[in-house]
Amino acid sequence: MAARFLHPGAALLLAPLLVLLGLAYGIPFLGVVKWSFTLPEPGLGQYRALLTDPLVQSVFVRTFRICALVTLAAVAAAYAIAYVWVRGTPGQRLAAEYCILVPFWISVLTRAFGWVALLSNQGLINTWLRATGVLSEPLALVRNEFGVVVGMTHFLIPFAVFPIASAMRALDERVLLAARGMGAGRTRIFWAVFVPMTMPGVIGAALIVFVFALGFFITPAILGGGRSVMVAELVYLRIFQSPDWGLGAAISITLVVIVGALSAALFRYLRPSQMAG
Amino acid sequence: MNGYRPGPVALLCALLVAVFLLMPLLAVVPVSFTPSRMLSMPTGALSLRHYRTLVDDPRWLDSILLSLRVGIVSSTLATLFALAFGLGIWMFRPRFTAALVGFVLLPMIVPPVVSAITLYFLLTSLSGIGGFAGYDTWPGVVLAHIVVTVPFAVVLILVALSQVDRRIDLAARGLGASTWERATKIIIPNIKFGILTAWLLSFVLSWEEIGVTLFITSVNAITLPRLMWMGLRDNIDPAIAAISVILILITVTVLTARIVWRRARGPA
């Protein structure tokens, strides 16, 4: 059977991409691993710093807190709009589709900037609040954790919608008819049948959102304004602003390990369910 | 099917989410018409000066042209790499297929910041040995963009291939077609739509790419997202609002065209 693997045609077709990624991604990744063990001096110093440095720890704690909040908010919001996208009238579906796909295709920078335009001191909300005399001082809505959570939730809702919507589409209509036939009302059908049966999609969406959020960089950097730094931004700062490449590399490797473990959980969880759509 | 539609409470919740999703995109519009040099809401007069800046200031035009060049070159190369790989997997079903595909998809799964530091390592090393594609050069950006977009192209091409009927390939083989003829005359014509989609997605991803680009460029290779990032960090430049409005309009137009086109082809 080994002969089949060595078929010249197969080798010719598979090799370019494998060689490219091996050289341009695999080997440099090992280089980053090496940095984490050798800079500034050989040893496990950077990983020890990771466990003891209060600054690094506070960044990790903040990252997990923000990710948990964002996951909760994004999944709940995604469920509401996915429900209308899947089960609404044709007009409602089209409207929902626009609301999901337009933000999805717009770049992360434009979307973060939109929140700046809305939430900053000279932004729409504060201008309006002052013009109507509700407030004299601008409300601090951005350059803090609130802004980061809002911006990240906005970015991640579409990603949560897709698995939830596919779970909703896969639901057998007859189950709902059966529930109604046995006398359940609309609300009861929704909470006792529809929600539990689409739970695999919800949990899949939550894992995807959480994993994405962990490595998030652009939105927190813009909306956090350097005050609520998350792990990925800390990597950037350690590489470019207060050069400590070893620590930046060690944080990256730790992030890969965490994301790898969560992805494995996601994969194991999704495999048996009907998430293929 | 029609018996069970969302009720008023569900519609209200979805409406709130819809408002939340669209609000920041709409907020950009008034800011782009402000006459002020700083980020602000226009009070009274409207101005097109920030749209003029996009045309007059060579930095914006240069970065748009650079992003187009990087996007076209990197998406074309990424699509070719992905196509060859997909054909290899589909036609030969090699051993370890799962491991090979898994390896190729890594840059898509690994957090972007880790890919960024990895590619930073690669390009600074290449600069060190005087390579053609190095840190802060446009070929370097192309190389990095190929690495991060190629997994998406691979996924789309593998999906397209999975819908090809293997019997037509078998028939071609039975009639004596060579590997090359099977690929170019039978398989590729059957997945041309998938190839086009892969190219388009790679282009959009490269056009928008910022996380990795930020790590591998500094002053020479300024792509459009990189220029926007610079204007967002320090004093916020309202020209960003103008370019954002244009990008949003393009997105809405393309999506609408796609929906209309899908309708015209028949109900899905």
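**Entry 1: ground rules**

I am working with a predicted model, in which local features need pLDDT of at least 70, side-chain atom pairs count only at pLDDT 80 or more, and totals for chains, interfaces and linings use all residues. Residues are numbered from 1 along each chain as its sequence is written, while chains are lettered from A and ligands numbered from 1 in the order in which they are written.

**Entry 2: chain B as a whole**

I looked up the secondary structure and found 12 helices and 0 strands in chain B. Both kinds of element are DSSP runs numbered from the N terminus (helices are H or I with at least four residues, strands are E with at least two). Along the principal axes, the C-alpha atoms of chain B fill a box of roughly 75 × 70 × 30 Å.

Next I checked burial: of the 268 residues in chain B, 43% are buried. A residue is buried if 20 or more other C-beta atoms lie within 10 Å of its own, exposed if 12 or fewer, and partly exposed in between, with C-beta atoms placed from the backbone.

For contacts, I counted two residues as touching if their C-beta atoms, placed from the backbone, lie within 7 Å. Among contacts in chain B with a separation of 6 or more, 72% join residues 24 or more positions apart.

**Entry 3: domains of chain B**

Chain B is divided into domain 1 (8–49) and domain 2 (58–265); such bounds come from an automatic or database domain assignment. The C-alpha centres of the two domains lie 31 Å apart. Each domain of chain B puts 8 residues into the contact between them. On the domain 1 side I noted 6 nonpolar, 2 polar and no charged residues. For these classes, Ala, Val, Leu, Ile, Met, Phe, Trp, Tyr, Cys and Pro count as nonpolar, Asp, Glu, Lys and Arg as charged, and the others, Gly among them, as polar.

**Entry 4: what packs on helix α12 of chain B**

Which angle do helix α2 (residues 49–56) and helix α12 (residues 239–265) of chain B make? I read about 85 degrees, with the axes 8 Å apart. Axes are lines fitted to C-alpha atoms, for helices over the stretch in contact, and angles run from 0 to 180 degrees between N-to-C directions. α2(B) and α12(B) are therefore roughly perpendicular; the scale is under 35 degrees for roughly parallel, over 145 for roughly antiparallel, 65 to 115 for roughly perpendicular, and oblique for the rest.

Helix α1 (residues 8–32) of chain B comes within 8 Å of α12(B), axis to axis, and crosses at roughly 130 degrees, so the pair is oblique. The crossing of α1(B) and α12(B) is left-handed, a term for a near helix turned anticlockwise from the far one by less than a right angle (right-handed if clockwise). On the α1(B) side the contact is made by B:Leu25, B:Val28, B:Val29, B:Val31 and B:Ser32. By class, this contact has 8 nonpolar, 2 polar and no charged residues.

**Entry 5: across to chain A**

Helix α12(B) also meets helix α6 (residues 108–119) of chain A: their axes come within 10 Å and cross at roughly 125 degrees. That makes the two helices oblique. From α6(A), the contact uses A:Thr110, A:Phe113 and A:Ala117; from α12(B), B:Ile240, B:Ala241, B:Ser244, B:Leu247 and B:Ile248 take part.

Zooming out, 70 residues of chain A are in contact with 70 residues of chain B. Helix α2 (residues 8–38) of chain A gives the most to the chain A side, with 15 residues. That side divides into 49 nonpolar, 16 polar and 5 charged residues.

**Entry 6: two residues up close**

B:Ala84 sits in helix α3 (residues 58–92) of chain B. Is B:Ala84 buried or partly exposed? I count it as partly exposed, because it has 18 C-beta neighbours inside 10 Å. Leaving aside residues up to four places away in sequence, B:Ala84 touches A:Leu13, A:Pro16 and A:Leu17.

A:Arg143 lies in the loop between α7 (124–131) and α8 (145–170) of chain A. With 19 other C-beta atoms within 10 Å, A:Arg143 is partly exposed. Beyond four places in sequence, A:Arg143 touches A:Gly224, A:Gly225 and A:Arg227. A:Leu119 is 24 residues from A:Arg143 in sequence, and their C-alpha atoms are 9.4 Å apart.
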